[in-house]
Amino acid sequence: MTRPWGLLRAGYPYLRTLGMRRVTNYPADIAFSKNGDALILMRSEAGSSIRIWSIEDAEALTDDLKGIGSYGPGEGQFVWPVQILTDDEGNIFVSDEAIHKISRFNADGEFESRWGTHGDGDGEFDAPNGIAFDLDGNMVVVDSKNHRVQRYTPGGEYLGGFGSYGSGPGQFELPWGVHVDELGDVYVTDWGNHRLQIFSSDGELKQVIGEAGSGPGQFNRPTGVAVDAHGDIYVADWGNDRVLMFNADGQYIWSFTGDATLSRVARTYMLTNAVPNRLREMGDLEQEKRLRRPRSVRVDSEFRLFIPDYESYRVQIYQKEAIELDRTQYAAPLRNVTLEVT
C-alpha cells in the first residue's frame, strides 16, 4: 500500500474491549493469526501464556486453540515474556527477557525451537524485549540491557546491529519496543531517555521524537511502538498511562487515555455474580475506563488500534476513521505562519 498524500482525520472512536481479570491477566502484547484472531500475550507468574481470541466473535475464545505455553523456564514456557510476533506463515515468535531467548511456535501453537545466549557479545542477549521483521524477513531484536538493536535470521543467526549506551542521538538507555515500517525504517522506543528514535534500515539515525514529561508529545518511559499503513506512529506511554499518536513527520496528533466498557465476557460473568455487581455500583466508574500501564500497541490491516491494558487485564480497541486524500485535495506545506488578528 502506498501512503496517501494526506488524510482527512474524521475521528478515532473507541470500538470494544476484549478480556477481563482471570481470563486475560496482565496482557503484555498482541499479534494476529493468519485468520485474523488476536493472540494476546499474558505475563504473570500465575500463568504466562498466549490466549487466542476471536476479534469478530468477541464473546468467546477461539474453540480450537485456547492457549499456548505456561509459566516456567522450560521449552515452550515463558517467564517474563515481552513481545509476540507472527510471520506470513502464521508462525509465532515470543521474546523473553528473563531467559534471554526467542521462542518459536508453529501456526497450530506447537513449540518448535528457541534461541539466544545470555551475554554482551555480538549475537548475545541481556533482556531481549521488542521484536519485529524487516523487509527481508529477518528479525530485529531490541537487546535492552545491552542498550542496542540487533538483527538475526528467523533461526537465530546473527547479522549485525547498532547502538550503544548513552543519551546522545542514536544512543539508548534500556530500549524497549521496535517496529519496522514498509519503507524499512526502524522505530525504537528509548525507555530510559523518554523518546522515540527512528533509524534507516542500516542503522543511521533519521529522527528523534519526544522528551521527558507528561504534556502533549512527551513521554514517561515509552514502551511499545507501531506504525500503520498511513505512516501514523503510535507509542505506548507507559508512565503516563496513555498511547500517543504522531503523524509520519513526527508531529503530535492524538492521545488515547482509555474509554473501556465492560467486555462481553465480563458482562456474562457479572450477571452470575451478585457481589461484584454490588461493588461496581459503589465504585468510581470514571476511573474504570482509563488505561493502566500499557506496554504495547498494535494496528491491524483494518486500521483497528489494539492497546493491551496491562494492569486492567483487558485489551482496548479503537477504529481509525480517515479519508485518504490525493494531490488535488491536499495543499503543499504552508510557507508562512498564519497570523490571526483579534
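Contact here means heavy atoms within 4.5 Å. By that rule, and leaving aside neighbours within four places in sequence, phenylalanine 306 is in contact with Ile30, Phe32, Ile55, Val297, Arg298, Asp300, Val315, Gln316 and Ile317. This is a predicted model, in which local features need pLDDT of at least 70 and side-chain atom pairs count only at pLDDT 80 or more, while totals for chains, interfaces and linings use all residues. Residues are numbered from 1 along each chain as its sequence is written, and side-chain values use heavy atoms, with hydrogens and water left out.

**Strands and sheets**

- Helices (H or I, at least four residues) and strands (E, at least two) are DSSP runs numbered from the N terminus, and two strands pair if DSSP finds at least two bridges between them.
- Leucine 39 stands opposite isoleucine 52 in β5.
- Two bridges link β5 to strand β6 (residues 67-68), again in the antiparallel sense. Here isoleucine 50 stands opposite isoleucine 68 in β6.
- Strand β5 (residues 49-53) is largely enclosed by the rest of the structure, because four of its five residues are buried. Buried means under 20% relative accessible area, exposed over 50%, and partly exposed in between (1.4 Å probe, protein chains only).
- Threonine 17 stands opposite glutamine 316 in β25.

**Nonpolar cores**

- A nonpolar core is a set of buried Ala, Val, Leu, Ile, Met, Phe, Trp, Tyr and Cys residues joined through side-chain atoms within 4.5 Å.
- The largest nonpolar core has 15 residues, and those with the most contacts inside it are Ile30, Ala38, Ile40, Trp53, Phe306 and Val315.
- Two or more residues of this core come from each of β3, β4, α1 and β25. β4 gives the most, with three residues.
- A second, separate core has 13 residues, including Tyr12, Ala236, Ile307 and Tyr318.
- In soluble globular proteins, nonpolar side chains tend to be buried together.

**Pockets**

- On a 1 Å grid over the protein atoms alone, a cavity is a set of points where a 1.4 Å probe fits but cannot get out, and a pocket is an open set with protein on both sides within 12 Å along at least five of seven lines; lining residues have an atom within 4 Å of a point. Grid points are joined across faces, edges and corners, and a volume is the space filled by probe spheres set on the points.
- The largest pocket has a volume of about 1,300 Å³. It is lined by 42 residues, of which Phe32, Thr86, Asp88, His179 and Val299 are the closest to its centre.
- At least two residues of that lining come from each of β3 (27-32), β7 (81-86), β11 (128-133), β15 (175-180), β19 (222-227) and β23 (298-299).
- By class, the lining of the largest pocket has 18 nonpolar, nine polar and 15 charged residues. Ala, Val, Leu, Ile, Met, Phe, Trp, Tyr, Cys and Pro count as nonpolar, Asp, Glu, Lys and Arg as charged, and the others, Gly among them, as polar.
- The second largest pocket holds about 750 Å³ of space. Its lining has 24 residues, and Arg21, Leu262, Met270, Arg280 and Glu288 lie nearest its centre.
- α1 (264-270), α2 (274-282) and α3 (285-288) each supply at least two residues of this second lining, which has ten nonpolar, six polar and eight charged residues.

**Residues with positive phi**

- Arginine 22 has a positive phi of about 75 degrees although it is not a glycine. Arginine 22 is placed in the loop between β2 and β3 and counts as exposed, at 53% relative accessibility.
- Histidine 100, also not a glycine, has a positive phi near 60 degrees. Histidine 100 lies in the loop between β8 (92-96) and β9 (101-105) and counts as buried, at 12% relative accessibility.
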